[in-house]
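Please keep the sequence and the coordinates at hand while reading.

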Protein chains: 2
Amino acid sequence: MDNRPAESHLAPVELGKSYRLINHGPTVLVSARHDGVEDVMAASWCCALDYAPPKLTVVLDKATATRALVERSGRFVIQVPTAVQAGMTHAVGNRSLHSEPHKLRECGVELFGIEGHDLPFVAGCSAWLACRLVPEPHNQQAYDLFIGEVVGAWADDRVFRDGHWHFEDADPALRSLHYIAGGHFYAIGEAVVVKGSES
Amino acid sequence: MDNRPAESHLAPVELGKSYRLINHGPTVLVSARHDGVEDVMAASWCCALDYAPPKLTVVLDKATATRALVERSGRFVIQVPTAVQAGMTHAVGNRSLHSEPHKLRECGVELFGIEGHDLPFVAGCSAWLACRLVPEPHNQQAYDLFIGEVVGAWADDRVFRDGHWHFEDADPALRSLHYIAGGHFYAIGEAVVVKGSES
């Protein structure tokens with residue numbers, strides 16, 4: 001694995017294919033900023049919802065500080081952490097900005113910006129989806145369920161390019177994480193291709 | 001892999017841990033029955049929504065025959081197909097009962113029953129979640145988004161037992177599938193355990 005920062009491999013992904021960044025069900029990081037406050041949390045419960053315009057759902061518990069930032073700013077980032085970020089992912093999912101004001105620094109989270117988007121992006125991930133909140137008060141209140149429209153998408157071109165993941169050829173450190181419980185994740189595994197299907 | 005039918009390994013999963021069956025984001029099969037008609041479709045967009053009572057979301061396109069059966073019967077099964085079922089999973093996701101009345105037989109789908117649940121369960125999967133539809137007409141109409149309350153859960157005890165997946169020790173044929181696009185899946189891979197976390 002080369003030592004350039006991951007952002008130097010950041011390449012735009014066309015919106016029509018952005019669902020593929022999360023279609024395989026990875027655990028994600030949710031980040032948001034409002035009025036100078038930034039937070040990042042982990043979420044297992046994030047899922048594609050539509051192709052065009054691309055939308056996704058994410059469950060944000062009422063106890064999280066990130067949720068309040070999403071509600072107030074009306075925007076957030078969903079990003080796909082890599083296998084080497086398992087410890088950080090677990091940490092930001094178990095510590096709260098409410099009680100630990102230096103949570104991000106202590107968890108080793110590094111943020112960066114992307115021009116045209118007033119959002120905090122987490123460095124070292126493999127994919128990033130900038131989202132605009134689609135307000136649905138009943139879902140948010142009754143189910144903690146938030147809908148986002150994807151307005152920008154990027155990926156690390158060492159592992160996602162030409163509209164496809166290339167986990168099988170990339171450094172295993174770049175594999176996505178899939179959380180179960182109690183600190184136990186699985187990394188994504190081997191390719192399984194159905195013969196005769198269109199590519 | 002022994003040759004007994006998978007159902008002989010079927011063991012109940014306590015409802016409080018049933019979210020773990022889909023927490024890692026597998027592609028699922030959705031099955032339903034109404035008035036003697038049964039259908040099975042594949043869905044990548046299925047996600048846990050709550051712990052207690054356990055709930056999940058699944059996106060069901062208006063064009064699918066399965067959706068109509070879910071709407072009419074008010075119940076459905078979410079099941080987790082295995083790596084050896086990739087061809088069948090892709091087939092039921094690309095063929096419609098509307099135009100192919102013998103779709104299930106032609107796709108090699110075998111159904112079985114579980115006492116106390118008037119639902120069609122797909123044989124050979126690794127996990128099954130019996131769901132009661134929680135009607136939310138706006139979500140269903142505007143987003144094709146359906147909410148189910150999990151009322152029964154079972155798993156193949158060769159690969160899920162004691163509340164945990166054991167992919168790393170089980171036959172690779174039992175690994176879950178994670179769809180991207182165009183017939184390309186990934187199987188779930190290796191365990192990644194964060195040290196110092198609770199189990």
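The model is predicted: local features need pLDDT of at least 70, side-chain atom pairs count only at pLDDT 80 or more, and totals for chains, interfaces and linings use all residues. Residues are numbered from 1 along each chain as its sequence is written, while chains are lettered from A and ligands numbered from 1 in the order in which they are written.

Chain A has four helices and 14 strands. Helices (H or I, at least four residues) and strands (E, at least two) are DSSP runs, numbered from the N terminus. The C-alpha atoms of chain A fill a box of roughly 50 × 35 × 35 Å along the principal axes. Its radius of gyration, taken over C-alpha atoms, is 16 Å, which agrees with the value near 16 Å for a compact globule of 199 residues; the globule rule is 2.2 Å times the number of residues to the power 0.38. Of contacts in chain A between residues at least 6 apart in sequence, 67% join residues at least 24 apart.

The interface brings 44 residues of chain B into contact with 44 residues of chain A. On the side of chain B, strand 14 gives the largest share, 10 residues. By class, that side has 24 nonpolar, 16 polar and four charged residues. Here Ala, Val, Leu, Ile, Met, Phe, Trp, Tyr, Cys and Pro count as nonpolar, Asp, Glu, Lys and Arg as charged, and the others, Gly among them, as polar.

How is strand 14 of chain A joined to strand 14 of chain B? Seven bridges link these antiparallel strands, each spanning residues 184–193; two strands pair if DSSP finds at least two bridges between them. A:His184 stands opposite B:Val193, and A:Tyr186 has B:Ala191 as its bridge partner. The open, antiparallel sheet of four strands runs in the order 13(A)-14(A)-14(B)-13(B). Strand 13 (177–181) of each chain forms an edge, pairing on one side only.

Helix 2 (residues 86–94) of chain A is mostly covered, with seven of its nine residues buried. A residue is buried if 20 or more other C-beta atoms lie within 10 Å of its own, exposed if 12 or fewer, and partly exposed in between. The buried residues of this helix, including A:Met88 and A:Val92, pack against several elements, among them strand 13 and strand 14 of chain A and strand 14 of chain B.

Some backbone details complete the picture. Most residues other than glycine have a negative phi, and most peptide bonds are trans. The bond from A:Ala52 to A:Pro53 is cis, with omega near -5°, and A:Pro53 is found in the loop between strand 4 (46–51) and strand 5 (54–59) of chain A. The bond from B:Ala52 to B:Pro53 is cis as well, with omega near -10°. A:Asp162, not a glycine, has a positive phi of about 55°; this residue is exposed, with 7 other C-beta atoms within 10 Å.

Definitions and conventions:
Contact = placed C-beta atoms within 7 Å.
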